[in-house]
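Please work through each task before reading its solution.

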Amino acid sequence: MAAAVATMMPNLGQQISSKNDMIPDWTSQEVSTGTTIMAVEYDGGVVIGADSRTTTGAYIANRVTDKLTPIHDRIFCCRSGSAADTQAIADVVTYQLGFHSIELDEPPLVETAANLFRASCYRYREELTAGILVAGWDRRKGGQVYCVPIGGMLVRQPVSVGGSGSTYIYGFMDSNYKPGLTKEQCLELTAAALSLAMERDGSSGGVVRLATISEDGVERRVILGNQLPKFSTH
Amino acid sequence: MDKRIWMKFSGKRSVCIVVLLREYVSSKTINKVIQVHDRIFCCMAGSLADAQAVTKAAKFHLSFHSVQMESPPLVIAAASVLKELCYKNKEELQAGFITAGWDMKKGPQVYVVALGGMLVRQPVTIGGSGSTFIYGYVDAKYKPSMTKEECLQFATNALALAMGRDNVSGGVANLVVITETGVEHVVVPGDKLPRFHDE
């Protein structure tokens, strides 16, 4: 990632006074997936979505980020917060879950993956800034969405949003989500909600990445900026 | 803290709607909607002390102006008076306003005066602590040229959603409909607000 550029500069920036106009602020800022992420359960699977912007301060380090990270064949996580923290946690959990799955000799449960995330996030809660949605499909309970926000709580929800852009779409979500939506309706709802959040949140933007996880597998798609649903501009 | 929405919609009957919620910690509804003239209302946000002082001064200036001009003041005049006060005293004040009303020249209008003293006219605007939760809803659901009933429903829904998420907004929703012919107050108590699937 372009994080390499950001990490090379900071020492220089800190030696020179931070009021120096020649060095922009963002060279000494941590890389953050500001973000809007969302996950919705439907009968037979889950739909997950995220924006694609990674920022270091006011600079967009990566405008086509993939925040939907596979943890196992049918389990994904959506990452928000510090890019470094979430990548590190996801790597650890991928390893732990892979090992566990081999021991069990069967695909792991989504709840297990969620608990592994929660264990890391809670134990190191003082050092970490990570808000994660764990979503996937398993044979026992079908499609499931688990929310592991900053602090390390774990809760299962039929629909969940996260990241800095999520505050703007709580109202939209509350009014538009109903239990019993089909896969297509979930995809439309996710795309619409993410577009609205990206319009309002400076830390979210770029393209909308969607994925559907079900018994049949994982289906990924991208909605480019000019193809996003449009709303009345005022 | 509180929340308010202002909307205007066009048509022969030009109206604006104001809604506000009560403070969580107080036991009675605090009125944050001040009538500054017959057809102009002003909504306060931020430090209530600052906002009250500014609106009282604005009310005086406006009535004086109205007497001098021998005609009801324009909504933009009311908004400008607030803007002048906010901008000139921006170091000391922490208050934002939404001014809405009806006048003969431009019909229904909504103006927002932001914290530093910016004045902007918008067809619909929201403010306060609970407003962040309904930006998505307002962006998605607002259409220009709604009828009065649609507008009232839209405002009530948006408020109900914000109250459902913001811990310092709640209680009663006060709405005001301002038209050429007069002013109508609509009060919706908490238990009569629309419910959504998660409740």
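**Exercise 1: a sheet in chain B**

Strand β5 (residues 95–103) of chain B and strand β6 (residues 107–113) of chain B run antiparallel and are joined by seven bridges. The model is predicted: local features need pLDDT of at least 70, side-chain atom pairs count only at pLDDT 80 or more, and totals for chains, interfaces and linings use all residues. Residues are numbered from 1 along each chain as its sequence is written, chains are lettered from A and ligands numbered from 1 in the order in which they are written, and side-chain values use heavy atoms, with hydrogens and water left out.

Task. Which residue in β6(B) is the bridge partner of F97(B), and which strands are the edge strands of the sheet?

Solution. 
1. The partner of F97(B) is V113(B).
2. The open sheet has five strands in the order β3-β4-β5-β6-β7 (chain B), with antiparallel pairing; two strands pair if DSSP finds at least two bridges between them.
3. At the edges are β3 (33–37) and β7 (119–121) of chain B, each of which pairs on one side only.

**Exercise 2: two helices of chain B**

Task. At what angle do the axes of α1(B) and α2(B) cross, and what is the handedness of the crossing?

Solution. 
1. Helices (H or I, at least four residues) and strands (E, at least two) are DSSP runs, numbered from the N terminus. Axes are lines fitted to C-alpha atoms, for helices over the stretch in contact, and angles run from 0 to 180 degrees between N-to-C directions.
2. Helix α1 (residues 48–69) of chain B and helix α2 (residues 75–88) of chain B have axes that come within 9 Å and cross at roughly 135°.
3. α1(B) is therefore oblique to α2(B) (under 35 degrees is roughly parallel, over 145 roughly antiparallel, 65 to 115 roughly perpendicular, the rest oblique).
4. The crossing of α1(B) and α2(B) is right-handed, meaning that the near helix is turned clockwise from the far one by less than a right angle.

**Exercise 3: a sheet in chain A**

Task. Which strands of the sheet stand at the edges, each with a single partner strand?

Solution. 
1. The order of this open sheet of five strands is β11-β2-β3-β12-β13 (chain A), with antiparallel pairing.
2. β11 (159–162) and β13 (217–223) of chain A stand at the edges with a single partner strand each, so one side of each is left without a neighbour in the sheet.
3. The twist averages 15° from one strand to the next.
4. Strand β3 (residues 45–50) of chain A is joined to strand β12 (residues 208–214) of chain A by six bridges, and G49(A) stands opposite L210(A) in β12(A).
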